[in-house]
Amino acid sequence: MNPSNEELKISMPQYFVLQMMVFGAISFHVYPWLVLQSTTQSYWIPILIWMLLGLLGAWLFSRVLALHKGKDAYTITKRVLGWPGVILFIVPLLWFMWSAMVIIVRAHSEIISMTILHTTPQWFLDGMIFIGVFLAFGGIGSIIRASVLFLLVSFPLSVGLVLLGFGDLDFNLGKPWLYTNGDFLTSPKFYTTSFVWAGYLYYAACGRYAKQPKKLWRPYTVAALCFLPLLAASVYQPALTFSPEMSRILTLPYISKMDSVSYYWLVIENLT
């Protein structure tokens with residue numbers, strides 16, 4: 001029996017879980033390198049700028065979905081702008097989702113290859129994405145249940161690993177802390193970092209399931225504030241450990257930082 005529309009409604013806490021998973025999946029790998037490449041001064045300034053723009057985008061997106069309750073962004077765009085508008089809207093969105101998916105799969109497979117499966121072919125590890133695709137065929141309910149499980153396991157571990165990373169930092173390497181001449185504005189890497197804060201675009205596909213579309217910006221805001229310290233740490237910890245110059249050379253600076261953490265506890269040693 002097909003579930004009713006009421007059964008398909010997603011609550012605000014469930015949207016929060018989905019946003020947390022989006023942040024966690026795309027944040028710790030390429031993002032630190034992009035921020036370090038974009039500026040030689042206060043790194044928190046470009047991070048904060050895109051977070052504020054992301055909050056604004058989520059709020060505007062929520063307002064649009066609230067005007068057409070029960071409709072997704074594709075249907076709304078087609079109704080207002082017709083097929084040309086749909087094409088102009090869908091192409092950038094599909095590009096964003098495809099790029100995010102490629103980054104997530106490639107980064108995770110690289111980490112697995114470096115830490116566990118050293119001799120496994122890269123193409124085999126990249127193919128693990130089809131496991132997630134198969135699970136997603138269960139519908140939005142299956143995705144939410146799996147996200148809750150992953151969040152309960154991964155978020156405490158992420159926080160714990162970030163805390164362990166504070167053990168050997170030299171805060172003098174982070175200077176200047178409160179100065180920027182806006183050099184990041186001329187760097188393409190700065191604009192590339194926006195993909196981390198554009199997770200609200202997934203509302204385009206699942207916004208019609210919201211009980212209160214007007215408030216969809218709230219779970220995004222809470223998730224962004226929860227992940228802001230972790231994102232800042234993923235940028236600053238490599239810079240304060242290896243120096244900013246050395247961190248810019250590393251392809252995955254935060255992963256390299258975690259690899260440098262050495263504790264003789266069996267569980268911690270394997271996690272880092």
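This is a predicted model: local features need pLDDT of at least 70, side-chain atom pairs count only at pLDDT 80 or more; totals for chains, interfaces and linings use all residues.
**Notebook: a look through an all-helix model**

Started in the loop between α11 and α12 (244–249), where S243 has its place. I had the backbone angles up, and phi of S243 is near 90 degrees, a positive value in a residue other than glycine. I made a note of that, because most residues other than glycine have a negative phi. Buried or exposed, I wondered about S243? It counts as buried, since its relative accessibility is 15% and the cut-off for buried is under 20%.

**Overview**

I then stepped back to the whole protein. I find 14 helices and zero strands. For the protein of 272 residues, I get 42% buried. I also checked how far along the chain the contacts reach. Of those with a separation of 6 or more, 78% are between residues 24 or more positions apart.

**α1 against α7**

Next I looked at how helix α1 (residues 12–26) sits on helix α7 (residues 140–164). Their axes are 9 Å apart and the packing angle is about 60 degrees. That angle makes α1 oblique to α7, because only values from 65 to 115 degrees count as roughly perpendicular. I noted the crossing of the two as left-handed.

Which residues make the contact? From α1 I listed Q14, V17, L18, M20 and M21. From α7 I listed I143, I144, S147, V148, F150, L151 and F155. Sorting the residues of this contact gave me 10 nonpolar, two polar and no charged.

**V22**

While in helix α1 I also clicked on V22. It counts as buried, because its relative accessibility is 17%. What does V22 touch, leaving aside its neighbours within four places in sequence? I found G199 and Y202. G199 is 177 residues away from V22 along the chain, yet their C-alpha atoms are separated by 6.4 Å.

**Aromatics**

I ran a search of the whole structure for aromatic pairs and got 12. I looked up W177 with Y236, which is a stacked pair, 5.3 Å centre to centre and with 15 degrees between the planes. The two partners come from distant parts of the chain, 59 residues apart. W177 is in the loop between α7 and α8 (188–192), and Y236 is in helix α11 (residues 217–242).

W177 is partly exposed, because its relative accessible area is 32%. Y236, at 10%, counts as buried.

I also wrote down one aromatic cluster, formed by F23, F61, F155, W197, Y200, Y220 and F227. F155 was already in my notes, from the α7 side of the contact with α1.

**α11 against α13**

Last stop was α11 with helix α13 (residues 253–260). Their axes come within 9 Å and cross at roughly 60 degrees. The two are therefore oblique to each other. I have this crossing down as left-handed.

Where do they meet? On α11 I noted A233, S234, Q237, P238, T241 and F242. On α13 I noted P253, Y254, S256, K257, M258 and S260. The residues of this contact divide into six nonpolar, five polar and one charged. For the contact of α1 with α7, my tally had been 10 nonpolar, two polar and no charged.

Definitions and conventions
Residues are numbered from 1 along each chain as its sequence is written. Side-chain values use heavy atoms; hydrogens and water are left out. Axes are lines fitted to C-alpha atoms, for helices over the stretch in contact, and angles run from 0 to 180 degrees between N-to-C directions. Helices (H or I, at least four residues) and strands (E, at least two) are DSSP runs, numbered from the N terminus. Angles under 35 degrees count as roughly parallel, over 145 as roughly antiparallel, 65 to 115 as roughly perpendicular and the rest as oblique. A crossing is left-handed if the near helix is turned anticlockwise from the far one by less than a right angle, and right-handed if clockwise. Contact means heavy atoms within 4.5 Å. Ala, Val, Leu, Ile, Met, Phe, Trp, Tyr, Cys and Pro count as nonpolar, Asp, Glu, Lys and Arg as charged, and the others, Gly among them, as polar. Rings of Phe, Tyr and Trp (its six-membered ring) pair if their centres lie within 6.5 Å; planes under 30 degrees apart count as stacked, over 60 as edge-to-face and the rest as tilted. Buried means under 20% relative accessible area, exposed over 50%, partly exposed in between (1.4 Å probe, protein chains only).
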